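Hi,

Here is the structure I said I would pass on. Have a look at it first, and then read my notes below.

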Amino acid sequence: QPSMKPSVTPSSSPSAAPSAEPSILPSGEPSVQPTFVPSVLPSSQPSSAPSFVPSLLPSSKPSLHPSGEPSSWPSSEPTVIPSIAPTDIPSTFPSMLPTFENCDMSKEQRRFEITEALKTVSDPVVLLTPGTPQNKALEWLLEEDKAVLCPDDFSCPRYPAFVQRYVMAVFYFSTDGGTWNECNAASDVCDPLEVAKANANCTVLANGIDVFRIDVIQGTDSWLSPSSECLWGGLACRNDTLCMDRIELEDDGLGGTLPFEVQNLTELRYLIVEEGTTSGTIPSEYGTFRTLHILDLNFNTLTGTIPVEIYDLQLLFQLDLNDNFLTGTIATEIGTIQFLQFIQVEVNRLSGTIPEEMGNNSFLRVVEFFGNQLTGDMPQGLCDLRNNTGGSIFRLTADCDAGDAFFVNCSVPDCCTDCPF
């Protein structure tokens, strides 16, 4: 039976039942049952079951099981088994060191550093405005994305990895992601079963012909899934750098608008978004890609002019903008795209004349102008590039029928191959 008062010196072995009051000094070994009143000093060894009331000072060693209530001071070491649920009452005093999450920093610090960096990628006001594609992408990246990229992760040496992932999320939300035909994000991107279900509904591959045969990594995962964005359907990254190489989404029901933030993907070679309902204008920032080979935005509902900056794309081979609602003129700067081979701007609302400077595009093979409001003569320089005169153009079209409301003077077959409208 326990004594009614504590002994001055602890017993050599534990009593079968706890004392009514705590002993002045701790026992050398734990009691078989916990005391209902905390001891003044912690036991030297952990008890096999937690105390019902926390000790006044933390134990020097972790307990085998968590306490039912928090201690007044934090333990120096963690418990061997975590609590099943968080405590209802927080600790009275904070721990001496902060809790660290991924990236060796607190969640708040990670949010701050990534947000500050992305203010240089997107307009800061738009970035922080709830409901915008940019804010949706930011909150997904910080709160839902299981990849948990860190501010100092430079998987792609050109820019932080989180920038590439953020830009692709902005692209998804800007082009009405969630209503695409395939590869939409899971209904719950944090639920592995829902992600697997969404992955099964994605078959789009970024596998267009590449004459340079760059080794890429790609997949058919749903967008916003925990996997690398390089594996999302319709995307591909260079295998050696993991920098985004291709965006190829054809006839996948994209809508919305084209975000200018795509300009940050500085290694992009293919930008193909065709056969959808994408509207708005072509961002002038797309003229900053230093390695873009193909810009294919045909069969959409784009408006505005062809940005003159597009003609700064010196490695551009193919410019497909046909079947939109583009207006304005074809700038003379088009003649500076040295390696341009295909230009298709038919079925738009372009006006003015065809620039003489296009005679400088000596690698041209296909040139389509019909279905516009162009007038004047077909430049002789283009006629001289026809394959029937030693050049490489095997298709050259315009509104060249005499009865056309907007008429381009181009003889068939000497210059134009035909006059479709």
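Predicted model: local features only at pLDDT ≥ 70, side-chain atom pairs only at ≥ 80, totals over all residues.

**Salt bridges and surface patches**

Asp240 has a relative accessible area of 57%, so it is exposed.

Another one to look at is the salt bridge between Glu139 and Arg111, where the closest N and O atoms are 2.9 Å apart. This pair ties together distant parts of the chain: Glu139 sits in helix 3 (residues 133-144) and Arg111 in helix 1 (residues 107-118), 28 residues apart. Both ends are partly exposed, with relative accessible areas of 27% for Glu139 and 28% for Arg111.

Then there is Glu267, which forms a salt bridge with Arg290; here the closest N and O atoms are 2.8 Å apart. Again the pair links distant parts of the chain, 23 residues apart: Glu267 is in the loop between strand 3 (244-250) and strand 4 (270-274), while Arg290 is in the loop between strand 4 and strand 5. Is Glu267 buried or exposed? Its relative accessibility is 13%, so Glu267 counts as buried. Arg290, at 44%, counts as partly exposed.

Some salt bridges also share partners, and in that way Asp210, Asp245, Arg246, Glu248 and Arg269 are joined into one network.

Now for the surface. A patch of negative charge gathers Glu309, Asp312, Glu333, Glu356, Glu357 and Asp377. Among them, Glu309 is found in the loop between strand 5 (294-296) and strand 6 (318-320). Glu309 counts as partly exposed because its relative accessibility is 32%.

There is a nonpolar patch as well. Which residues make it? Ile209, Val211 and Phe212 do, and the patch covers about 360 Å² of surface. To find it, go to the loop between helix 5 (192-199) and strand 1 (216-218), where Ile209 has its place. With 76% relative accessibility, Ile209 counts as exposed.

Happy to go through any of this with you.

Cheers

How values were computed: Residues numbered from 1 in each chain as written. Heavy atoms only, no water. Patch = residues over 30% accessible without salt bridge, like charges linked within 9 Å, V, L, I, M, F, W, Y side chains within 5 Å. Areas by Shrake-Rupley, 256 points an atom, 1.4 Å probe, with all protein chains shown as cover. Salt bridge = Lys/Arg side-chain N within 4 Å of Asp/Glu carboxyl O. Lys, Arg positive; Asp, Glu negative; His and termini not counted. Charge placed at Lys NZ, Arg CZ, Asp CG, Glu CD. Helix = DSSP H or I, 4+ residues; strand = E, 2+ residues; numbered from the N terminus. Buried < 20%, exposed > 50% of the residue type's maximum accessible area, 1.4 Å probe, protein only.
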